[in-house]
Amino acid sequence: MKDMLPLINAADVPNKAGGFTGTESRFCFADSLDVSLVRGKILYCEGFSHGWTPLAAGAAGLVIVDEGSSGCAFPFPLPTSCLDASNITKVLQYMNSTRKATAKIEGTIAVEEESAPIVASFSARGPNPITSDILSPDITAPGVEILAAWTEAKTLTDVPGDKRVAKYNIISGTSMSCPHASGAAAYVKSFHPTWSPAAIKSALMTTTIPMNVKTNTDLEFAYGAGHLNPVKAANPGLVYDAGAADYIKFLCGQGYSTENLRLITGENTTCTTNETVWDLNIPSFTLSSRDGKTVTHTFARTVTNVGSAVSTYKVKVTASPGLTVKVEPSVLTFKSVGQKLTFTVTATAAGNERILSGSLVWDDGGFQVRSPIVAYASKP
């Protein structure tokens with residue numbers, strides 16, 4: 001068949017002159033391959049390989065197993081086919097069935113991922129390891145397979161021997177997700193230049209697109225409040241605002257000493273009043289339980305009207321079985337923009353569940369201001 005190349009197993013081509021055996025070469029360790037036997041062929045490497053050693057050995061292509069990247073591709077310095085375990089088994093069966101195995105690595109075919117968006121397998125998960133009753137993460141933003149500008153001062157992979165340069169690249173990670181969130185925050189601030197960071201964060205969190213719970217089984221511990229929606233965030237209706245004084249009270253309530261508090265604030269700050277974590281004015285509600293005990297907490301929150309001057313918001317609550325939520329008052333009536341109103345949320349949860357999810361939505365018929373509610377059994 002046209003353009004077919006010999007397909008060989010790295011285990012069969014060790015660099016014997018360098019003291020290597022198939023035990024090392026099968027993993028394509030550095031210098032473990034016999035260049036004379038690899039050059040111009042497609043090489044199968046056991047386990048994951050970034051392609052450095054096969055490229056240095058002159059391989060024309062690479063076949064490796066996908067070790068759970070969960071839909072996230074990687075740039076390689078040579079044509080590479082990254083297959084799941086079942087397909088790798090078929091490749092090996094074919095290679096073992098003939099003395100002259102051949103293969104061809106076709107160009108990439110783009111397909112629509114209907115289950116997207118899905119939080120990447122490598123993305124950190126909650127719960128919050130420092131303050132267990134603050135939800136972490138806050139939000140999710142695009143960070144997988146992002147096409148963006150790329151410097152031509154370096155190659156696409158930084159692998160020695162890869163001389164390719166391009167104006168654009170496709171990469172994944174926090175380095176891609178963070179600019180989306182930062183850009184969205186800047187976008188919101190362009191409409192509301194006087195808003196505090198807390199108000200902007202609130203706008204981003206309360207206007208998110210809910211994520212699919214079937215494809216994101218870690219629920220809020222994976223996606224937080226949901227998927228970023230910058231256009232809607234520019235006009236959120238209500239915001240949960242907070243300033244430096246609120247966070248100082250929170251830190252005092254967490255037991256910070258005066259010395260440590262001043263290291264953070266850079267001022268001669270002292271604790272005059274303490275607030276529990278449940279009173280910090282953030283747009284999420286989290287309660288953790290230890291030892292399998294049922295837990296109840298009351299959260300105090302204040303919202304600022306940034307939508308319609310005259311408006312009435314009614315609360316809508318959803319909750320998993322085992323989680324009960326009561327909101328008082330259940331109706332908030334605003335008479336002007338900038339007006340602040342306070343409400344309380346009392347949540348009770350069974351203490352033996354990995355995670356219980358719910359949501360609180362303030363709805364005036366035009367704006368829907370949504371906050372996640374999460375209860376979980378924390379580790380001792």
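**Partly exposed or buried?**

Modeller: Let's begin with one residue. Asp 138 is partly exposed, with a relative accessibility of 28%. Keep in mind that this is a predicted model.

Colleague: Which residue does Asp 138 pair with in a salt bridge?

Modeller: Lys 201. The two side chains meet at 3.3 Å, N to O.

Colleague: Is Lys 201 buried, partly exposed or exposed?

Modeller: Lys 201 is partly exposed, at 29% relative accessible area.

Colleague: Why would such side chains pair at all?

Modeller: Opposite charges can pair when the charged atoms of the side chains come close.

Colleague: How many salt bridges does the structure hold?

Modeller: Nine. One of them joins the side chains of Arg 125 and Asp 218, at 3.1 Å from N to O. That pair links distant parts of the chain, 93 residues apart. Arg 125 is in the loop between β5 (102–103) and β6 (146–149). Asp 218 is in the loop between α6 (197–206) and α7 (220–223).

Colleague: And what are the relative accessible areas of Arg 125 and Asp 218?

Modeller: Arg 125 has 32% and is partly exposed. Asp 218 has 25% and is also partly exposed.

Colleague: Let's move on to Lys 316. What is its partner in a salt bridge?

Modeller: Asp 363, with the closest N and O atoms 3.0 Å apart. Here the partners lie in strands: Lys 316 in β11 (residues 311–319) and Asp 363 in β15 (residues 356–363). They are 47 residues apart in sequence, so the pair ties those parts together.

Colleague: Is Asp 363 buried or exposed?

Modeller: Asp 363 counts as buried, because its relative accessibility is 12% and the cut-off for buried is under 20%.

Colleague: New topic. Where is Ala 103?

Modeller: Ala 103 is in strand β5. Ala 103 is buried, at 17% relative accessibility.

Colleague: What is Ala 103 in contact with, leaving aside neighbours within four places in sequence?

Modeller: Asp 3, Met 4, Leu 5, Leu 7 and Ile 42. Take Met 4: along the chain, Met 4 and Ala 103 are 99 residues apart. Their C-alpha atoms are separated by 5.2 Å.

Colleague: Zoom out for me. How many helices and strands are there in the chain?

Modeller: Ten helices and 16 strands. The radius of gyration is 27 Å, well over the 21 Å that the globule rule gives for 380 residues, so the chain is more spread out than a compact globule. The C-alpha trace spans about 80 × 45 × 45 Å along its principal axes.

Colleague: What share of the residues counts as buried?

Modeller: 40% of the 380 residues. The accessible surface of the chain is about 20,200 Å². Carbon and sulfur atoms account for 55% of that surface.

Colleague: And the contacts between residues at least 6 apart in sequence: what share joins residues at least 24 apart?

Modeller: 60% of those contacts.

Colleague: Last one, on charges. How many positive and negative charges does the chain have?

Modeller: 31 positive and 32 negative. Their mean positions are 2 Å apart.

Note on methods: Residues are numbered from 1 along each chain as its sequence is written. This is a predicted model: local features need pLDDT of at least 70, side-chain atom pairs count only at pLDDT 80 or more; totals for chains, interfaces and linings use all residues. Side-chain values use heavy atoms; hydrogens and water are left out. Helices (H or I, at least four residues) and strands (E, at least two) are DSSP runs, numbered from the N terminus. The radius of gyration is taken over C-alpha atoms; the globule rule is 2.2 Å times the number of residues to the power 0.38. Buried means under 20% relative accessible area, exposed over 50%, partly exposed in between (1.4 Å probe, protein chains only). Contact means heavy atoms within 4.5 Å. Accessible areas come from the Shrake-Rupley method with a 1.4 Å probe; for residues, only the protein chains shown count as cover. Lys and Arg count as positive and Asp and Glu as negative; His and the chain ends are not counted. The place of a charge is taken as NZ of Lys, CZ of Arg, CG of Asp or CD of Glu. A salt bridge is a side-chain nitrogen of Lys or Arg within 4 Å of a carboxyl oxygen of Asp or Glu.
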